[in-house]
Amino acid sequence: MSEESDLEKTEPASPRRLEKAREEGQVVRSRELATFIMLIAGVVGLWTLGGHMGRSLNQVMQGALRFERETAFDTSRMLSRFGLMVWDSLLAFLPLLLLFGVAALAAPLMLGGWVFSAKSFAPQLSRMSPIAGLGRMFSAHSLVELLKAVAKSLLVGAVGAWVVWQRLPEAIALMNAPVQEALLHMVDLVLYCCLVVSLSLLVVAAIDVPWQYWEFFKKLRMTKEEVKQEFKESEGDPHIKNRIRQQQRAMARRRMMTEVPKADVVVTNPTHFAVALRYEEGRMGAPRVVAKGTGEVAARIRALAAEHRVPLMSAPPLARALHRHVELGHEIPAGLYTAVAEVLAWVYQLKHWHYSQGPQPQAPSDLLVPDELAVPESRE
């Protein structure tokens with residue numbers, strides 16, 4: 001088969017194709033959205049938790065700079081004190097680290113969700129190919145990424161310059177303020193500038209997310225031949241399935257034919273339909289259809305019944321009703337009890353006649369078939 005170009009991939013990805021891509025670790029991802037969420041989490045975390053972190057780190061620094069003669073001459077105490085300071089520092093940063101962890105988990109959940117795939121770590125020689133690497137460097141995707149990086153740099157630079165220009169008089173005025181007050185105010189100014197610059201990345205993320213969705217589904221598009229092949233693999237080749245169904249019907253027909261010699265009577269149309277009935281008192285609640293068919297199958301049922309001396313009875317309305325309303329192996333409905341009871345009574349009389357002398361019993365006629373179970377002759 002000749003190689004298929006992207007122009008031939010006109011069909012959207014099937015659910016099976018998407019599931020397979022997910023198993024391989026391929027989902028929609030936007031680095032711009034993840035960057036925006038992480039930056040916002042960092043700025044908000046520093047703004048809300050900065051005071052607590054500052055006080056905690058201040059205490060750690062005071063303890064570290066405090067000189068104690070006993071500690072200076074005891075190395076074990078120096079190590080234990082150093083370990084305690086490291087632990088206190090980690091506790092000071094712990095709320096911010098937890099916030100970063102939540103943001104890192106929430107970012108992928110907003111698009112493709114979490115994916116754990118070992119196939120992503122499998123080595124692929126194509127990734128180490130210099131030719132493939134050059135192709136990726138000069139591809140349309142790389143060009144878009146370059147333009148996106150340039151646009152992002154210009155946007156962030158412009159917003160940052162605007163914010164600094166707006167807050168510049170306020171920052172200059174801090175030169176005349178007390179040191180403690182100036183430091184606190186400067187921290188607020190820096191965090192405010194970082195927040196505004198981070199919010200500007202929302203524009204980049206809003207453009208990047210639809211682009212990543214479009215590019216992801218474009219990459220997974222399929223050709224018409226791939227769709228047909230996938231359908232064959234999932235649903236099966238129609239020719240093979242048809243062959244299997246034929247074999248299943250043949251096997252079911254053979255099993256059904258083995259029940260004909262055990263039947264009590266075969267009700268016929270007399271040529272179009274044939275239904276074999278069997279009744280075992282004490283084991284069945286009602287007579288049961290053990291075989292049925294039309295055309296050639298009906299002819300085969302009649303031939304087997306004649307071969308094994310199973311009584312044949314021509315009752316067209318009853319035969320049509322039994323064939324239409326009773327599934328193979330099921331008991332007859334209550335509406336046909338009376339008609340079938342007359343048939344079985346005739347069968348028992350016929351068996352008795354074979355072993356005794358007297359006039360041959362006449363088959364019942366005008367069997368009662370309720371209107372709701374009757375089948376018109378036009379449906380034969």
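## A friendly tour of helices, salt bridges and patches

Over residues 189-214 the chain is 100% helix and 0% strand, with the end C-alpha atoms 39 Å apart. Helices here are DSSP runs of H or I with at least four residues, strands are runs of E with at least two, and both are numbered from the N terminus. This is a predicted model, in which local features need pLDDT of at least 70 and side-chain atom pairs count only at pLDDT 80 or more, while totals for chains, interfaces and linings use all residues. Residues are numbered from 1 along each chain as its sequence is written, and side-chain values use heavy atoms, leaving out hydrogens and water.

**Transmembrane regions**
- An unreviewed UniProt entry places the feature "transmembrane region" at residues 33-50, 90-118 and 189-214; such annotations may be inferred rather than shown by experiment.
- Residues 33-50 are 100% helix and 0% strand, and their end C-alpha atoms lie 24 Å apart.

**Salt bridges**
- A salt bridge is a side-chain nitrogen of Lys or Arg within 4 Å of a carboxyl oxygen of Asp or Glu, and by this rule the count comes to eight.
- One of them joins the side chains of Glu-32 and Lys-152, at 3.0 Å from N to O.
- Glu-32 lies in helix H2 (residues 31-65) and Lys-152 in helix H6 (residues 140-173), so this pair ties together parts that are 120 residues apart in sequence.
- Glu-32 is buried at 9% relative accessibility, whereas Lys-152 is partly exposed at 24%; buried means under 20% relative accessible area, exposed over 50%, and partly exposed in between (1.4 Å probe, protein chains only).
- Glu-280 forms a salt bridge with Arg-278, with the closest N and O atoms 2.4 Å apart, and another with Arg-283 at 3.1 Å.
- Salt bridges that share partners join Glu-259, Lys-262, Arg-278, Glu-280 and Arg-283 into one network.

**Surface patches**
- Patches are made of residues with over 30% relative accessible area and no salt bridge, joining like charges within 9 Å and nonpolar side chains (Val, Leu, Ile, Met, Phe, Trp, Tyr) within 5 Å.
- Phe-82, Leu-84, Val-86, Trp-87, Leu-90, Leu-91, Leu-94 and Leu-98 make a nonpolar patch of about 780 Å², with accessible areas from the Shrake-Rupley method and a 1.4 Å probe, where for residues only the protein chains shown count as cover.
- Leu-84 is found in helix H4 (residues 75-109).

**Two loop residues**
- Arg-309 lies in the loop between helix H10 (296-307) and strand S4 (312-314), and Arg-309 is exposed at 79% relative accessible area.
- Ala-315, in the loop between S4 and helix H11 (316-325), is buried at 7%.
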